[in-house]
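User: I want to learn how to read a model like this one, feature by feature. Please show it, then take me through it.

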Amino acid sequence: MDDNQKSLILKSSSQYPLPQGVKLSYGTAGFRADASILGSTVFRVGILAALRSLKTQSLTGLMITASHNKVTDNGVKIADPSGGMLTQEWEPFADAIANSPTPQHFVQLIDEFVKKENIRFDGVRSAKILLGRDTRPSGESLLEAAKQGVYSIVGATAIDMGILTTPQLHWMVRARNKDMKATELDYFEQLSSSFRFLVDLTPNQIKMSKTDDKLIVDGANGVGGEKLEVLKKMLNSMDIEIRNSGKEGGVLNEGVGADYVQKEKVVPQGFHLKDVGIRCASLDGDADRLVYFYVQSNNASKIDLVDGDKILSLFALFIKEQLSILKMEGDDHVDENYEARLGVVQTAYANGASTDYLRQLGLEVVFTPTGVKYLHEKAAEYDIGIYFEANGHGTILFSESFLTWLNARNNELSSKSKGSEQQKAVLRLLAVSNLINQAVGDALSGLLLVEAILQYKGWSIHNWSELYHDLPSRQLKVKVVDRTAVVTANAETVVVRPPLIQEAINVEVAKCPQGRSFIRPSGTEDVIRVYAEASIQEAADSLANSVAKLADQFLGFGNSG
């Protein structure tokens, strides 16, 4: 960097001093904290987004959101040129600049990093960054801080896309870098047209009953409800009622939203006994998570939850069926031996019953450590990779080579057997690839895909819920002196260090029918997270407590005696 560039960053950053005593780390979700202390962090991430754009010679994105956190929080994260999350290699640099104590130190860090990464400031290609924010009141001033960060890099351009869901911004970045049209209207049109196309391929004999037509969506009083209103107008065939849209005066994520519904297993605010039996869904605050539920007939506050594991199972079942139809053909065709590899990716938190169900379908199921970035990376290794966390965050990835094959197959079938079951299966898979957001988990595109598949199967939410029955589970956390003392392997399911604790956990697990338990260190605080499941709730609770005691004895303060 030349002296002019350094002095520009120095001057700008002095307007955004780091608050005292603040230490932030860039996790899967970027930086998150109380909005009042985030100005300097967002400013610095603006610079980071511009540097990432210069390094990759591509457009990047910056989103201001704290997803399912409370309304007084906010956060910031970067969308890489692929539309995915910031590459893990840059996370330590993000941590370093966010916590740099003075403007001088901050400029020095950037200068060293620019040299190390060989980032060129030659003006041949300027940095371009798309900016978005959710509906939080603090978003506007933080967006201004992000712009100031971007503009402190010579020649960098910030393009404010307004209020968006997080997945919309990621979708736009991915689309722009593929030289596709990428306005918000383009997003809505791609989702709505793909949905209609998929629904039109529903077999004629399948019709859902009138009671199953209706869908009620909890918008978490956030941006998702507002955007679903727009989509609803473009899908006039769908009977959607949107509650907690943010217009009724409710508070973002307070007693509403996917995170609340999934963790508490109770109805969100605004849902009642009169909703019994109706299909319901919850988005989270920035609409990247989705869960379904229905109100129990005997208790207006209790729900039967249809979580991310069941969404994954529905998607996997549908795609497997389409691939099976493709294999049934007997005629000569392009690349007869093309065997699409379908992979399902989960974490250790996935309910064991879902894993058993998927394996019984004959699917390849693999595990990664907790975190969307690990799931996404693994799913990308397949022709079709599906990943979901139980919390409702996930998507489907299609390889470019498989999409090329599908398009060639469609062209060939059009000339030989137009309208055949095989061609319909090809068209369904192509429609799914356009409907699902392949950049990141997206509650709106996921919701439309669920609705299209339920119509295709002629299923109610009860049919879907009955695919398998979750094993009862319990999660606990144990305060420890140093969480880094725990080292895990096999996608966090086995403890390697400290020695002997895994053997002790195995002894406890062996006492429980269908028992399973693991511990893993938290990514953000000095606690160890304990997960246990078993055939009955009492056994899961007992197993979790036993393993928590072990964690305390080996790693904690010895409070459990």
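**Domains and layout**

Analyst: Taken over C-alpha atoms, the centres of domain 2 and domain 4 are separated by 34 Å. This is a predicted model: local features need pLDDT of at least 70, side-chain atom pairs count only at pLDDT 80 or more, and totals for chains, interfaces and linings use all residues. Residues are numbered from 1 along each chain as its sequence is written, and side-chain values use heavy atoms, with hydrogens and water left out.

User: Which domains does the assignment give?

Analyst: Domain bounds come from an automatic or database domain assignment. Here the chain has domain 1 (3–163), domain 2 (199–306), domain 3 (309–465) and domain 4 (473–559).

User: How do I read strand pairing? Which strands pair with strand 4?

Analyst: Strands (E, at least two residues) and helices (H or I, at least four) are DSSP runs, numbered from the N terminus. Two strands pair if DSSP finds at least two bridges between them. Strand 4 (residues 128–133) pairs with strand 2 (residues 60–64) in the parallel sense, over five bridges. Gly61 stands opposite Leu130 there. Strand 4 also pairs with strand 5 (residues 157–163), again parallel and over five bridges. In that pairing Leu131 stands opposite Asp160.

User: What unit do strand 4, helix 5 and strand 5 make?

Analyst: A crossover is right-handed if, with the strands pointing away from the viewer, the path from the first strand over the helix to the second runs clockwise. Strand 4, helix 5 (residues 139–151) and strand 5 make a right-handed β-α-β unit.

User: Is strand 4 mostly covered or mostly open?

Analyst: Buried means under 20% relative accessible area, exposed over 50%, and partly exposed in between (1.4 Å probe, protein chains only). Strand 4 is mostly covered, with five of its six residues buried.

User: Which residues does the UniProt "binding site" annotation cover?

Analyst: UniProt positions are given in the numbering used here, feature names are shortened, and annotations may be inferred rather than shown by experiment. The unreviewed entry's annotation covers Glu389, Ala390, Asn391, Arg520, Pro521, Ser522, Gly523, Thr524 and Arg529.

User: Where does Glu389 lie, and why does it count as buried?

Analyst: Glu389 lies in the loop between strand 13 (384–388) and strand 14 (394–398). Glu389 counts as buried because its relative accessible area is 11%. Contact means heavy atoms within 4.5 Å. Not counting residues up to four places away in sequence, Glu389 touches Gly308, Asp309, Thr347, Thr370, Gly371, Val372 and Leu375.

User: What does Asn391 touch?

Analyst: Asn391 lies in the loop between strand 13 and strand 14. Asn391 is buried, at 13% relative accessible area. With residues up to four places away in sequence not counted, Asn391 touches Gln262, Arg289 and Val291.
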